Structure formats: C-alpha cells, structure tokens
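Please try each task yourself before you look at the solution.

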Amino acid sequence: MKNYKDFSSEIFRNKNKIIIFFGSTHSKDSLQISAIKKEIIESNPEIILVEGNYDKTDYSSEKESIEKGGEAGFVSHFAKKGKIKLFSNDPSNEEDLNFLAKRYGKDFSFLYFFLRNASFYKQLWSTPKNKIDEITIKNLKEASRWEDYNFSLENLQKIYLEVFKEEYHTDKDYSCYFNPTLP
C-alpha cells in the first residue's frame with residue numbers, strides 16, 4: 001500500500017487482472033492530486049471507476065476540473081484527456097434520490113442529498129454559501145424529475161427543523177454528517 005497523508009492505494013491481484021483501489025479525501029489538495037496523477041500514470045489503467053458520477057462531467061482544463069470537482073473532477077478530466085475508459089461506480093443522482101424517497105419519503109431524501117451535496121460544494125467552491133444552496137436545490141430538482149415537489153430553501157428549512165429540532169444555517173458546516181471516518 002502506498003500512502004500520502006489523505007491518499008492511499010491498495011492493489012488486488014487475481015491471475016492476470018489487477019485492481020488498484022484509491023482512497024482519498026475529497027479536496028483540491030495539490031499534493032494529493034499529484035500523487036493520484038503519478039499513480040495513474042504508473043499503473044497505466046485500461047478503465048477508471050470514479051465516485052460521484054464525475055464520468056458525466058466535461059471540464060475544459062485541469063484547473064477547472066480541480067476547482068469544480070476536487071480530486072474526482074481531476075481524475076475524470078485526466079482520464080478523458082488520456083482516452084482512458086471512465087465509468088462511475090455510483091448510481092445516478094436520480095436513482096439515489098428515488099431510492100431514498102421510496103423508503104423514507106421525498107422530504108427526507110431532499111434534506112439528505114441537499115445537506116450532503118451542499119456540504120461537498122461548500123468545501124470545494126469559493127462561491128457564496130447562499131448561492132451554493134440555490135445551485136444545490138436546482139441540481140436536485142433537475143436530477144429527481146419529481147413533478148410538483150416544493151424544491152425551495154423555505155421547504156428545506158422546514159424539513160430540517162422537523163428532523164433535527166433546530167434551524168438550518170447556511171454557514172454551518174454539515175459535512176461531519178457524511179464523514180464515514182467519524183463515529
């Protein structure tokens with residue numbers, strides 16, 4: 001296993017097939033991105049699976065890919081530029097939203113994916129937080145394809161209050177709710 005601060009890779013072998021698993025922190029950290037780039041170049045993969053549906057992104061430059069997508073955006077751009085087959089290892093946003101909605105209702109699904117996605121965007125983007133809230137809501141509305149659902153910040157605030165018994169604050173960092181390394 002190779003390690004760099006918040007990046008590690010593990011190699012799995014089966015006969016003549018090799019799978020390299022990259023573990024990284026979602027960030028724009030240049031040292032981490034350099035380590036990932038080096039690992040990709042050295043391993044010369046036939047296929048890359050990327051988390052978060054970044055296989056569908058189309059960035060015009062490496063800089064843009066990092067600014068908008070962190071390490072996953074970079075991997076996507078680098079793979080496409082190098083003509084490496086690229087697929088997502090995640091369900092589509094629509095499948096995610098509808099899976100959770102079927103089990104827990106649309107309100108809970110909207111709240112969950114809003115908090116998760118907005119937290120990620122707020123860590124990466126220098127866009128004002130209230131604009132990120134608007135962009136996140138717009139993206140969820142488009143991805144869900146739910147007709148006649150109230151995709152508004154007011155509705156989100158109401159749902160948040162019902163679930164957490166406190167008010168939603170756009171400046172609060174909710175990323176700890178989605179960090180699998182925390183208890």
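**Before you start.** This is a predicted model, in which local features need pLDDT of at least 70, side-chain atom pairs count only at pLDDT 80 or more, and totals for chains, interfaces and linings use all residues. Residues are numbered from 1 along each chain as its sequence is written, and side-chain values use heavy atoms, with hydrogens and water left out.

**Exercise 1. Find where confidence is lowest and where it is highest in the protein chain.**

Step 1: Start with the score itself; pLDDT is the predictor's confidence in each residue, from 0 to 100. The protein chain has a mean pLDDT of 88, with 96% of its residues at 70 or more.

Step 2: Go to the elements. Helices (H or I, at least four residues) and strands (E, at least two) are DSSP runs, numbered from the N terminus. Strand β1 (residues 2-4) has the lowest confidence, with a mean of 53, while helix α6 (residues 153-164) has the highest, at 97.

Step 3: Keep a caution in mind: where pLDDT is low, the predicted coordinates should not be read in detail.

**Exercise 2. Describe helix α1 by its span, its buried residues and the face turned away from them.**

Step 1: Work out the span. The expected value is 1.5 Å times one less than the number of residues. With 14 residues, α1 reaches 20 Å from its first C-alpha to its last, close to the 20 Å expected.

Step 2: List the buried residues (buried means under 20% relative accessible area, exposed over 50%, partly exposed in between, with a 1.4 Å probe and protein chains only). In α1 these are Gln 32, Ile 33, Ile 36, Glu 39 and Ile 40.

Step 3: Look down the axis. The buried residues of α1 fall within an arc of 125°, so they line one face of the helix. That arc is taken from the directions from the helix axis to the C-beta atoms.

Step 4: Turn to the other side. The face of α1 turned away from the buried side carries the exposed residues Ser 30, Leu 31, Lys 38 and Ile 41.

Step 5: Check the N-terminal end. Asp 29 caps α1 there, with a side-chain oxygen 3.2 Å from the backbone nitrogen of Leu 31.

**Exercise 3. Which residue with a positive phi follows α1, and where does it lie?**

Step 1: The residue after α1 is Asn 44. Its phi is about 45°, although Asn 44 is not a glycine.

Step 2: Asn 44 sits in the loop between α1 (30-43) and β4 (47-50). With a relative accessible area of 61%, Asn 44 is exposed.

Step 3: Compare Arg 145, which is not a glycine and has a positive phi of about 60°. Arg 145 belongs to the loop between α5 (129-144) and α6, and its relative accessible area of 62% makes it exposed.

**Exercise 4. How are the rings of Phe 164 and Tyr 177 arranged?**

Step 1: Recall the rule. Rings of Phe, Tyr and Trp (its six-membered ring) pair if their centres lie within 6.5 Å; planes under 30 degrees apart count as stacked, over 60 as edge-to-face and the rest as tilted. The count is 17 aromatic pairs.

Step 2: Phe 164 and Tyr 177 are stacked, at 5.4 Å centre to centre with 15° between the planes. This pair links distant parts of the chain, 13 residues apart: Phe 164 is in helix α6 and Tyr 177 in the segment after α6.

Step 3: Widen the view. Ring pairs join Phe 164 and Tyr 177 into a cluster whose members include Phe 110, Trp 146 and Tyr 160.

Methods
Polar contact = N/O pair within 3.5 Å; in protein donor to acceptor, adjacent residues only side chain to side chain.
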